[in-house]
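Here is a quick tour of a model, with the cut-offs spelled out along the way. Have the viewer open as you read.

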Amino acid sequence: MEPKLPAFIVPGRVAALVGRLPQLPPALALAGALNLALGRVLPREQLEPLAGKRLLVRVTDAGLALRFALGANGFRPVFDRQPDDLRISATLRDFLALALREEDADTLFFGRRLLMEGDTELGLLVKNTLDAVDWAALRPALPRVGLRPG
Amino acid sequence: MKLALGPLLYYWTRKRVLDFYDEVAAAPLDIVYLGETVCSRRHELRLPDWLDIGERLAAAGKEVVISSQTLIESESDLKTLRRIAEQARFRVEANDMGAVRLLAGSDGWVAGPSLNVFNDHTLGMLVELGARRFVAPPEMAGEALARVRAAHGQPLETEVFAFGRLPLAYSARCFTARHFNLQKDNCGFRCIEFDDGLALDTRDGRPFLTINGIQTQSARVHNLLGDLPALADAAVDILRISPQAHHMAAIATLFADAVGGRRAPREAFDASRALMPAEACNGFWHGRAGIDEYVA
Amino acid sequence: MAIELVCPAGSLPALKTAVDAGADCVYVGLRDATNARNFTGLNFDDRALADGVAYAHARGAKVLLALNTYPRSDNWARWTAAVDTAAERGIDAVILADPGLMRYALRTHPSLRRHLSVQGSATSYEAINFYHEQFGIQRAVLPRVLSLAQVEQVIAHTPVEIELFGFGGLCVMVEGRCALSAYATGESPNCNGACSPGKYVRWEQTAAGMEARVNGILIDRFAADERAGYPTLCKGRFAVGSETYYAIEEPTSLNTLELLPEIARMGVAAIKIEGRQRSPAYVGQVTRVWRQAIDRVAHEGDRFRPDAAWLRELARVSEGQSQTLGAYHRPWK
């Protein structure tokens, strides 16, 4: 079965525009969504190795570069000068396909569509923890947040 | 502590092999393992030739062991294996579980380094089947080996790979043939051109591995000369020296002198550096990456 | 008898996906070094294992537990506890590599089915029959080193069911006989359950290209448009003589779909799909293709031809996005 999500990239002029906008609002939105899931569907204990690490999520075609860290009170955007521990880059379409479980992260990686730099162990932890979330079993209990894979 | 010469892992001409074992007969080595363990296509010497060499070495006072092939694929591999198992003249080193099946019930065979004996339960089972010596997997740390020995409890000859490029992996594919864009079935026996194997370096120029036909070895030379006191503490009975193209008798003499207390282990190790085709490593023995050179 | 389809699962969602997509068996591992895919965040805790077994059994599928690494004397109890867990949780078979552990399983839980893992490195019927006689092994998974003719020879001389790798990541080395990762990092598939573990891997974008290092050792460097593979030591590019190339193996996946009629004819009991480290998406994609193919080969026999769409689908998810028949096809060797 081919992925249902069509191939697309965000037009360059949109990316150029987004790149000039403050990155705080989208970073806050992503951190907020993750925090809603944390403890509820994302096992906090398993994600503990992420504590204090700088993660950079780069949506390459949308000009977004969201940096955040996991602290005692959950994920929060960070804007300090410390180096990133893990950088994950892909297009918006591919991030959505991953979230919707239509694409396999390694498949995207082999095709150079998903780039992971830095601490590979952290990357594996993030990928495998997200893969292990049993959305089907959780669906009735889940709050209505943006991305809810089927 | 006894010294053993492991099976010749490289492919040399018949003349060279015969000359080499003439030299070995005079070297301070107690045990010599013979036979082709890497590739069944190699044919400079056949089993009867190895048995002849064995007779000469036995006459020179060596204990001779015939080693079986590590990767068995074809019916003809099995035929050779059966002939090795059936000969009663010399002890046999079993290098896969097919060999163990053929040797089970006979007394005195050697459980080889590729059998993956990592715990006393597996070791005890092999001893019940007649194994009287075991060669630890090269990747096994000294500490883990000491625990296996302690838990096994019974006296049992224990051998450790102590010198030479480490045999790290085996494949159906021949990487020497691949290098020359040849198929394995039509390989031209090009591995005979590389008496210490074919060097494989990283793209930034670091020596990493050594290609030896279907076998992959370390680029570095595993050398436990400097670790002799720890080997004695771990109740190791036999040190295996793996053949290399040059200076074999000198290496054996360094080991013999260090084991016999005529030379300090560390000093013997330093002297051995000039006799190796590459840098030294000993990480496996210390529970680290095998490529490391670790000084406690 | 129809060929069983044995599919990988590194998580409960992957197991459910495999069962829903038509797997006959799903193989899984626990969250520790007792299995050969011991990766961070992957595998099953006790609760997920219980849920997975219940889900599969309710739908007529089996669950196999891979306990296919080698315990040492000091951590032995962890492996035997895992065998006990398998028996308690109603696992349908354990996949074992260590002879000592096989003996423990045989003596402690004689009715628990025992499979010989590919990590046991049994490449001949003599070796397989040894495990059968000593430990009552009922099935053996063959290392990816034999040609199809050699596989047939094995099947003709053993009462043990034979399981073959059909698709997925390709170990070019004999499984269980590879210490490359141990040499480079100190951790090995045999003892630690991981090859080139993530904590030793660094990907860095440099002026020369994207570099992959394992414990500081440069494995490969990729230009922007080059396909990538796992950063495993055997699939890097190295310099041998005056050439720099994939000296051991390209990043590639095994795909035996076109050999399926021959595999079925020679009496292979099961086809194994590699990839417990992959996501539920991969498991679903690959399981659906192989379910259809196995069902069709049962009807069509030698007239079977794989659908072009299946081959496209499998190619898309393959490492390096390229495929090989591996050792089954003689010239590969």
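## Two helices in chain B

In chain B, residues Y21(B), V24(B) and A25(B) of helix 1 meet I53(B), R56(B) and L57(B) of helix 2. Contact here means that C-beta atoms, placed from the backbone, lie within 7 Å. Sorted by class, this contact of helix 1 with helix 2 of chain B has 5 nonpolar, no polar and 1 charged residues. The nonpolar class is Ala, Val, Leu, Ile, Met, Phe, Trp, Tyr, Cys and Pro, the charged one is Asp, Glu, Lys and Arg, and the others, Gly among them, count as polar.

Helix 1 (residues 14-26) and helix 2 (residues 47-59) of chain B pack at about 20°, with axes 9 Å apart. The axes are lines fitted to C-alpha atoms, for helices over the stretch in contact, and angles run from 0 to 180 degrees between N-to-C directions. Helix 1 and helix 2 of chain B are therefore roughly parallel to each other, a label for angles under 35 degrees.

## Ground rules

This is a predicted model, where local features need pLDDT of at least 70 and side-chain atom pairs need 80 or more, while totals for chains, interfaces and linings use all residues. Residues are numbered from 1 along each chain as its sequence is written, and chains are lettered from A and ligands numbered from 1 in the order in which they are written.

## Positive phi in chain B

N181(B) is not a glycine, yet has a positive phi of about 55°. N181(B) sits in the loop between helix 7 (175-179) and strand 8 (198-201) of chain B. With 6 C-beta neighbours inside 10 Å, N181(B) counts as exposed. The scheme counts other C-beta atoms, placed from the backbone, within 10 Å of a residue's own: 20 or more is buried, 12 or fewer exposed, and in between partly exposed.

H247(B), also not a glycine, has a positive phi of about 60°. Look for H247(B) in the loop between strand 11 (238-241) and helix 9 (248-259) of chain B. H247(B) is partly exposed, with 15 other C-beta atoms within 10 Å.

## Chain A at a glance

Chain A has 7 helices and 5 strands. These are DSSP runs numbered from the N terminus: helices are H or I of at least four residues, strands E of at least two. Of the 150 residues in chain A, 32% are buried.

Technical notes:
Parallel < 35°, antiparallel > 145°, perpendicular 65-115°, else oblique.
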